[in-house]
Amino acid sequence: MPVALYPGTFDPITFGHIDIAVRATKIFSRVIAVVAENPAKHHFFSAQERVAMVKEALVGHPSVEVISYSGLIVNCLREQKATVLIRGLRAISDFEYEFQMAFTNRNMLSGAETVFLMPSAKYVYLNSTMVKEIAKLGGDVAPFVPECVRARFRAKFPAA
Ligand code: ADP
């Protein structure tokens, strides 16, 4: 049974990410969420915070392991002896970018397969950027993220 990595920035993890991770556990015996640590990219939450939130959000799903990684995902695949990348596909807008990434990764590491999973329909339009905007403007993010994320937003924006 191949090992699957689920890479992302998770800035922050949402119910959409959780939905995909849980679906992946139904297909693969080992699923590892990989939090991208790219110091050159600006993220709202630090890598440490993002990893902590992913771990807390997935505490009820112990079959999903959580690690952070800085570098090419194909190198992470090699290190973890994994062959599958899980990605979530929402609307058609995700497709072009994901298509490019999947081919690029397979060109860099033959045998690296990307498996796309679709979330529950209620999460199709959910993304981390929108959640951050809502929190910044003082809206309630409870419908979109678990309590561990909401609490961290509240610490940064007391009105949220
Ligand atoms: P990246 O910066 O690598 O796109 P993200 O954390 O934004 O990282 O997303 C990681 C993966 O989770 C991507 O495949 C993305 O399409 C997927 N994803 C994010 N939100 C959702 C959602 N609401 N439904 C399904 N998949 C999602």
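Visitor: How many helices and strands does the secondary structure of the protein come to?

Guide: Helices are DSSP runs of H or I with at least four residues, strands are runs of E with at least two, and both are numbered from the N terminus. Here the secondary structure comes to six helices and five strands. This is a predicted model: local features need pLDDT of at least 70, side-chain atom pairs count only at pLDDT 80 or more, and totals for chains, interfaces and linings use all residues. Residues are numbered from 1 along each chain as its sequence is written, and side-chain values use heavy atoms, with hydrogens and water left out.

Visitor: What pattern does the protein follow along the sequence?

Guide: Read it as β-α-β-α-β-α-β-α-β-α-α.

Visitor: What radius of gyration would a compact globule with 160 residues have, and what does the protein have?

Guide: The radius is taken over C-alpha atoms, and the globule rule is 2.2 Å times the number of residues to the power 0.38. For 160 residues that rule gives a value near 15 Å. The protein has 15 Å, which agrees. Along the principal axes, its C-alpha atoms fill a box of roughly 50 × 30 × 30 Å.

Visitor: Which share of the residues is buried?

Guide: Buried means under 20% relative accessible area, exposed means over 50%, and partly exposed lies in between (1.4 Å probe, protein chains only). In this protein, buried residues make up 43% of the 160.

Visitor: Which residues of helix 6 are buried?

Guide: Helix 6 spans residues 147-156, and its buried residues are Cys 148, Val 149 and Phe 153. Seen down the helix axis, they fall within an arc of 140°, so they line one face. The arc is that of the directions from the helix axis to the C-beta atoms. These buried residues pack against helix 2 (47-57) and helix 5 (128-136).

Visitor: Which residues of helix 3 are buried?

Guide: Ile 73, Val 74, Cys 76 and Leu 77 are the buried residues of helix 3. They cover an arc of only 155° around the axis, which puts them on the same side of helix 3. Their cover includes strand 1, strand 2 (30-36), strand 3 (64-69), strand 4 and helix 4 (95-108).

Visitor: What follows helix 3?

Guide: First, the general idea. Most residues other than glycine have a negative phi, and most peptide bonds are trans. Helix 3 is followed by Lys 81, whose phi is positive, near 55°. Lys 81 lies in the loop between helix 3 (73-80) and strand 4 (84-88). Its relative accessible area is 70%, so Lys 81 is exposed.

Visitor: Where is Phe 10, and is it buried or exposed?

Guide: Phe 10 sits in the loop between strand 1 and helix 1. At 2% relative accessibility, Phe 10 counts as buried. It is not a glycine, yet its phi is positive, about 50°.

Visitor: Which residues does a cis peptide bond join?

Guide: A cis bond joins Asp 11 and Pro 12, with omega about 0°. Pro 12 lies in the loop between strand 1 (3-8) and helix 1.

Visitor: Which residues does His 17 touch?

Guide: Leaving out residues up to four places away in sequence, His 17 touches Tyr 6, Phe 10, Pro 12 and Ser 128. His 17 is in helix 1 (residues 15-25). At 18% relative accessibility, it counts as buried.

Notes: Contact = heavy atoms within 4.5 Å.
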